[in-house]
Amino acid sequence: MKGLSPNPKEAFAISEYQCTFKRYEKKYLVTQQQYNALAKVFAARMVPDRFAESTISNIYYDTPDFRLIRRSLDRPAYKEKLRLRTYRTPGADTEAFVEIKKKYDHIVYKRRVAMTYSEAQAYLDGGAAPEQSQISNEIDWFLQFYKGIQPAMCICYDRLALFDQYQPELRVTFDSGIRWRMDDLDLSSGSAGEQLLPHDTCLMEIKIPGTTPLWLARALSENAIFPTHFSKYGAAYQTMLREDRSPQFGSETIHINEKGEIYCA
């Protein structure tokens, strides 16, 4: 996507990141043309946040039978996931976050602890958290409850993050170049992977504590931008299954209808 190229920061201060979230997160698959239309509307009030452009890298953890993502794809009232995240290709001492993300009754709760990448690897491999806290206790419980949990998939993307200067709790992110891999599940190996979406499509997320403001809802409606249940990990998992069954799909793994919904050919 034009205008969504990564610009990784060389150093992030851990204390500058928010570690607890409670909000609604609405997702939309947006074409380049739709993005250009939104950019004109956003110019009047949306501004880049402090870390506006970054390449985000994640390792999603799951059981050997993919219990977490299979349950998530059933769209239950409650679901949860665990991931390791960095905001650039990490070295041993790069800042990293171990995150639990939960969704209940359409509200997203995210809690995370910050540590170095090497500490995070050791922790998720069965070690102790570098510092004990309520959040690390929740992660410990998660790791014990889901027996055999292990690195399952690497997902990386280039993010543009904006917020509303008049309503700062409203954030909008655009994730482009979403790519995934199931081999070499080490973020220090870089952000390469198989592309998940068409080159002219990105994932937009609107993150807000309450309802979408009228000006934004109008902009979405006027440009035929509809909400979707798209999940990066879920779509990559479904792609993996389809490739196992139907290798003829090749690189054309994801199909999108006019409402931005994923379907299988």
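Mentor: In this predicted model, the buried residues of helix H4 include Ile 135, Ser 136 and Glu 138, and Ile 139, Phe 142 and Leu 143 are buried as well. Viewed down the axis of H4, these buried residues fall within an arc of 155°, so they line one face of the helix. An α-helix has 3.6 residues a turn, so residues three or four places apart point the same way. The face of H4 that is turned away from the buried side carries Gln 134 and Gln 144, both exposed. The length of H4 can be checked too: at 1.5 Å a residue, its twelve residues, 134-145, should span 16 Å, and the distance of 17 Å between the end C-alpha atoms agrees with this.

Helix H1, residues 32-42, may be read in a similar manner. Its buried residues are Gln 32, Gln 34, Tyr 35, Leu 38 and Phe 42. They cover an arc of only 150° around the axis, which puts them on the same side of H1. Exposed residues Gln 33 and Lys 40 sit on the face of H1 turned away from that buried side.

Next come the strands. Strand S7, residues 171-181, is mostly covered, with nine of its eleven residues buried. S7 pairs in the antiparallel sense with strand S6, residues 150-164, over nine bridges. Six residues lie between S6 and S7, and the two strands form a hairpin. Within this pairing, Phe 163 stands opposite Arg 171 of S7. Arg 171 also stands opposite Lys 207 in S9; strand S9, residues 201-208, is paired with S7 in the antiparallel sense over five bridges. A further antiparallel partner of S7 is strand S8, residues 194-195, joined to S7 over two bridges. There, Arg 179 stands opposite Gln 195 of S8.

The empty space remains to be described. Rolling a probe the size of a water molecule over the atoms shows where empty space is left. The largest pocket holds about 930 Å³ of space. Its lining comprises 32 residues, of which Arg 75, Lys 79, Lys 103, His 229 and Phe 230 lie nearest the centre of the pocket. By class, the lining of this pocket divides into 13 nonpolar, seven polar and twelve charged residues. At least two lining residues each come from strand S1 (20-31), helix H2 (67-73), strand S3 (78-86), strand S4 (95-104), strand S10 (227-228) and helix H6 (232-245).

About 130 Å³ of space lies in the largest cavity. This cavity is lined by 16 residues, and Tyr 60, Arg 83, Lys 101, Glu 205 and Lys 232 are those nearest its centre. S1, S3, S6, S9 and H6 are the elements that give two or more residues to the lining of the largest cavity. The lining of the largest cavity divides into three nonpolar residues, one polar residue and twelve charged residues.

Methods. Residues numbered from 1 in each chain as written. Predicted model: local features only at pLDDT ≥ 70, side-chain atom pairs only at ≥ 80, totals over all residues. Heavy atoms only, no water. Helix = DSSP H or I, 4+ residues; strand = E, 2+ residues; numbered from the N terminus. Expected span 1.5 Å × (residues − 1). Buried < 20%, exposed > 50% of the residue type's maximum accessible area, 1.4 Å probe, protein only. Arc of directions from axis to C-beta. 1 Å grid on protein atoms, 1.4 Å probe; cavity = no way out; pocket = protein on both sides within 12 Å on 5 of 7 lines; lining within 4 Å. Points joined across faces, edges and corners; volume = space filled by probe spheres on them. Nonpolar A, V, L, I, M, F, W, Y, C, P; charged D, E, K, R; others polar. Pairing = 2+ DSSP bridges.
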